[in-house]
Every structure is written in C-alpha cells, then in structure tokens.
Amino acid sequence: MTQKAKTFHKPSQYDLNSSNIARFIDYLEQHLGREFPNYDSLHNFSVEEMEEFWVLWWNYFAETSRVTHLSPKLQIKRKQDVLTSRDAERARWLSDSSFRLNYAQLALACANESEAVVQIDEDGKTTSYTKESLAKLVGRVANQLKQVGLSKGDVVCGYLTNSVASLVGLLATASIGAIWSSCSPEFGTRAVLDRFAQLSPKFLLATTSYRFNGKKFDKEENLKEIIRGLPSLKAVMLTALEDARDAHSLASLAAFERTVLCFEDVINSGDHDMFFEPMEFSDPLWILFSSGTTGLPKGIVQSHGGIVFEHSKVLSLHLDLGPGSRFFWYTTTGWMMWNFLVSGVLTGATVLLYDGSPTYIEVEHTFKVCAQNQVTHLGTSAPYLASCMRSQVDLGKLGLESVKTIGSTGAPLTGDVYHWVYSHLSSDVSLVSASGGTDLCTAFLGSSPLHEIREGEISCAMLGADVAVFDDKGDEVVDQVGELVIRNPMPSMPLYFWNDHDRLRLHEAYFATFEGAWRHGDWAEKRSDGGYIVYGRSDATLNRDGVRMGTADFYAVVEGVAGVKDSLVVDTSGFEKNGRLVLFVVTDARELDSYLKETIRDAIRRELSPRHVPDIIEAIQSVPRTINGKKMEVPIRKAFGATFLRDAVSEGSMANPESIEDLQTVIDRLKLQR
Ligand SMILES: CC(=O)CC(=O)O
C-alpha cells in the first residue's frame, strides 16, 4: 500500500446528490433495481457489464437530451447488438443493427439554445451564436459542399484556427456523411501536406491569415503550395480573419486553378433545409493525426457512434457539463483537445472557442480570458500551469470565482502545481489531471464529481475504461510502475489508420505487445488507493540498470533547480551500446557552469536516485516542442542512432523548428565522444 497523498478537494453535497453522474446513478438504480453505493461499484458495472452500461447510458443521454424524437433508429433495440466481442482489437460496435445516428445532427439538437458557442479573440472581443444561428451557418456550408458534388465518405480538410468557422466546417461535413480532418494554420506547408495529402481531400476550408500574440500571419503563400499539393481538391473555401476582402482578393487568384469560394459569402447566403445523412455507428467521422516521429503522421479514423458515445459520457458524467456550463479548453485545431472541446455542444454547455496565444501580453492571459467570460470549466495543459506557477501568478486575484473545474492534459501534473493552485484557489475547485490522447480522442483517466482530488494523482479510470498497468510479462501490477493498458473495447478506439484498412499498422501500434489489450505507450502506476500516476511515454522512459523512471519525475526535480528554465532528458540505451542518460538544459540568464551542473546532479541524487544522475548535462538554446507544447523526447532519443533529427521530426508541427540545428550539433558532438 502506497502512502496516501494529500487531499485538496472533496466532493460537495451537490456533487454527491445532484451532479450528472449522481443523477445517472439514480436512474441506473431505479432501472436495474440494485444499488451503486460508490464510484467503484459503478465503474465495475461499466466494464464488467459494458454492453448494458452503454445501452443504459445511451438511452439515458438520449432521453434527457430530448433527442429520441429525431429518429426511431437512435434506439438500441437489444444489448446483445452492442458489441461483437470483448476483445479490444476485434470488437465491432452495433455492427449488425438498425442503429443510425449523425454527430452533427445530435450536436445541433443538443446545443445550448441561447448561447451555443462563443468565439473569443486575443483582444477579448466575443461573438456569440445561438443554436439557431449556428445551425443556419452549418446548413449553408453543408449545402455548398453538396453543390460542389461532395457526398458520404469524401474528405474535407480544415486549415483553420480555433474558431466558429472550424466548428461549422466540421458539422457541415459530418451532416452530409463526409469525413473531417483539421490542422492549425501554425503548421508549416510540409506538415500540412504530410497529413492532408494522404487523405486525398475533395474540399479545403482554409483561413487566409491568423493572429497570434498580436501579430497577423498571412497564409497566402502557404495556401498556394498546399492547394498545389492537393490535386484531389474539387473546391476551396477561404475565410478571412478580419476582413472578408482578404478572402475575396485571394479567391480571385487564378493560381488556385480550382473553384474558390468565400466562407463569408456562403454563410450569408439563403437558408436550406438541413439533411443529416443517417450514419452507421462505425462510419468515419474524422481523422486525427498522431504526432508522427518517423515517417508520415498516422491518420487515426474515429467513428460517429464512437465519438458521440464516448464524448457524451466523458463530458457529461466526468466533467459534469450541461446547460449553464461554460466550457473553455486552450487548444488548436491540430490537437484532439479541439475535437473534445467542440463536442461540449452535445451536453448543452456553451462552448468557448479562443483564437490566439495562451500567453498574449502576459502569462496568465488564459486565466484572464476565463475570468472575463465566466468560464465554469477551464482546460489547459500541465506545462502552461507549471509556467504560471514559475512566474508566480497570483490566481486568487484574477476573478476566477466562476471556475469549478480546471482540467489539465498534455503532460503529467506534478505535485507542486497542485500546491500552487490550491494555495490561491478554494478547495471547492476541482483540479483534474486527465490522460488519454489522440488515439481515442478522449481521456480514459481523470476524475468525476464523486472523487477527491489528491496531490499528483489522477483520481480514477473513467467509466467504460478497463484500465490496468502491466509488467513486462503482461501481468497486472498495483503500486508498481509499468505499461498502461486498456483491457476492453472503448467506443472511440480507432476504426483503422487511414490507408490501413486491414488494420495491420493498427495492430502493430497498439495490440502487438499484449494479446487482446490496448498498449497505450504510457508508463504509469495504478495505486491501491484507486488513483493513477502517469509518468510519461513508455518509449521515453529512463532505464538505469533495470530501474525505470518516467521523465515527468525527472523534469519536476531538474526544473525546480534555480537557474534551469527548461529541460529534456533522453536515455540513449538501444541506440548506443552503453546507453547514457543525457540531460539537455535551457538556463535563464546564467551559464551552465560546473556549479550549476553539480547542483542539478545533487538534486537528482537526493530527490530521485543516484542511478538517475545524468552521465552528461549539456546546455541548449531551446527544448524542441510540438505546437501542442509536448517535449519531443522520442525523436531526440532516436537521433542518437542512425537517424538525423531533421528526419525524425515533423518540422511543420513544431513550435520551434529552429531548435533542431543547435541540438543536432550538440548530439553529433556527443556521438563522437562515445
Ligand atoms: C487527453 C489527453 O491525454 C490529451 C493529450 O495529452 O494529448
């Protein structure tokens, strides 16, 4: 039994009796005539009797959201139809039934009547859309897609910011049964084409420019290259950031050699009857991309049914979103958190789409935006919270009284961040560290209104997720670090990778290690107190004489040393005969002299273990990161083998591609020292 972590937050009477999950438990108890005295009993039911769980969740959701009238095919007739197998790799959902749904139809039916979405720009300007006005925009764009000849199964790509245009693009695409995929305009041309060209899209919805940190970035040249690189396109629709004339003048360019439309013209055109293609549960909805360390990024295809089931459950039961909630998550359209965020409309919550930099003018900008917009559910990344902590932001003075939940993803959330948040905010706030990822477009570890929040710990496995930690032999371990696995089928697991219909690459990626179980690629610990700790990617784990450690622990110590601004650690084992532990650090103004190196070594020896003292500590100018802020540990580790860093990373999806050159020089020197 591990030591009990400090508790910062306990469920309130409201959470225990009136939250969405509490009300769902009442429904289950009435329906099944048995009791669920706590979360664990509910979780056991959700995995042991998963077919029943999903039928009852779906019926409950459909009834309480008043969508049953939309179509008799929204009913699941028999629980036997839910799954063909309990094997996570082979299971098919509602494959042989009359069940039909459409993500867009449900999203528009459930959207908040008076304020479905709000778009917010860096300067704080907001534009609100009612359910009706959103539906009108979707109808007009969907009609345009049909007019240029698109239909079920065609791919529509979005090169857009986190804005209403992207949401309208997604919903219009889904409504006609076409498949959506998006990239942020921060992505360089190469990164966009590495993704979109694989999909042979028929339609591109793109922004002509975007604004970030107060600066306008024109995309005209990139767009020309992107359009040239996508010969499958039948038409392009351009949207202008500030001035529709930007889109008009670009649209008139002969260079595109395609039908070029202006989004602003289309959304101001006449109304059309909405038609929603009835989709099978496993018809593709969207394609997300894995970060792609080598080769082309993998296109992960998820289904209408899988996403509606999973997102309705996680957003409603775990995040407690519903009418009256105001849901904000800092993201771009190139990260699955965007898809997760916009699915908030399914719960009737108001979804806030912020377009800009999280740290515009000052590091706490994201918090200020949330305060100004009375956000109730705020989501961000662990690195953002850590940087606010390091900058000593006084959260208590920012007017965050409306905030009930702060969600954190992207990296493990370290104990010091919990202390910092709760030293400023009331224990009524729930600070939720959640883990999952692109592969399932959800978090399968997180929390719920029924849970306490404890230092450095993720509260629970989500309903319907049979999460375990396996040792190398595939045996379950508790209070011990190992590979994170999911032992049962989850609805949002990928249908397949794009261009991998026989699912061979999918098998290699997730199912080749443990028969029948999904190996997520995270290094984690399941604790006997019910919580979980995720230590980082298992292929970036530090292995010293058989003692493995996740990189998150390492960074918490190294970046706690005065003078260290940022860091990245790699274990070169597997790429070098005698693997070395190499620590790269970015310092503040001071130099990485022998005194600072020794201070870092002492801290690691004292707080982690003598085995994890790095063999080498080197200064670099900046830590290579993806646009989503993730440290690029795995490609940098690979660069110690035969691969050049430039070939191991997808430069266009990096926040700081300029960091590569400096790092490659350092790595080349270190390789010569072997
Ligand atoms: C939910 C997540 O796990 C998101 C991410 O870190 O990519």
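Me: What volume does the largest cavity have?

Reply: A cavity is a set of points, on a 1 Å grid over the protein atoms alone, where a 1.4 Å probe fits but cannot get out. Grid points are joined across faces, edges and corners, and the volume is the space filled by probe spheres set on the points. In this predicted model, the largest cavity has a volume of about 110 Å³. A search of the whole structure finds 1 cavity of 30 Å³ or more.

Me: Which residues are closest to the centre of the largest cavity?

Reply: Lining residues have an atom within 4 Å of a point. There are 16 here, and Thr161, Glu186, Thr332, Asp355 and Gly356 are the closest to the centre. The lining divides into 6 nonpolar, 7 polar and 3 charged residues. Here Ala, Val, Leu, Ile, Met, Phe, Trp, Tyr, Cys and Pro count as nonpolar, Asp, Glu, Lys and Arg as charged, and the others, Gly among them, as polar.

Me: Which strand gives the largest share of that lining?

Reply: Strands are DSSP runs of E, at least two residues, numbered from the N terminus. Strand 7 gives the largest share, 3 residues. Strand 7 spans 209–212, and strand 14 (350–355) also supplies at least two lining residues.

Me: Which residues surround the ligand?

Reply: A residue counts if one of its heavy atoms lies within 4 Å of the molecule. The shell holds Trp335, Met336, Thr409, Gly410, Ser435, Gly436, Gly437, Thr442 and Lys630. Strand 18 (residues 435–437) contributes its largest share, 3 residues.

Me: What does the record say about numbering and limits?

Reply: Residues are numbered from 1 along each chain as its sequence is written. Local features need pLDDT of at least 70, side-chain atom pairs count only at pLDDT 80 or more, totals for chains, interfaces and linings use all residues, and side-chain values use heavy atoms, without hydrogens and water.

Methods:
On a 1 Å grid over the protein atoms alone, a cavity is a set of points where a 1.4 Å probe fits but cannot get out, and a pocket is an open set with protein on both sides within 12 Å along at least five of seven lines; lining residues have an atom within 4 Å of a point. Helices (H or I, at least four residues) and strands (E, at least two) are DSSP runs, numbered from the N terminus.
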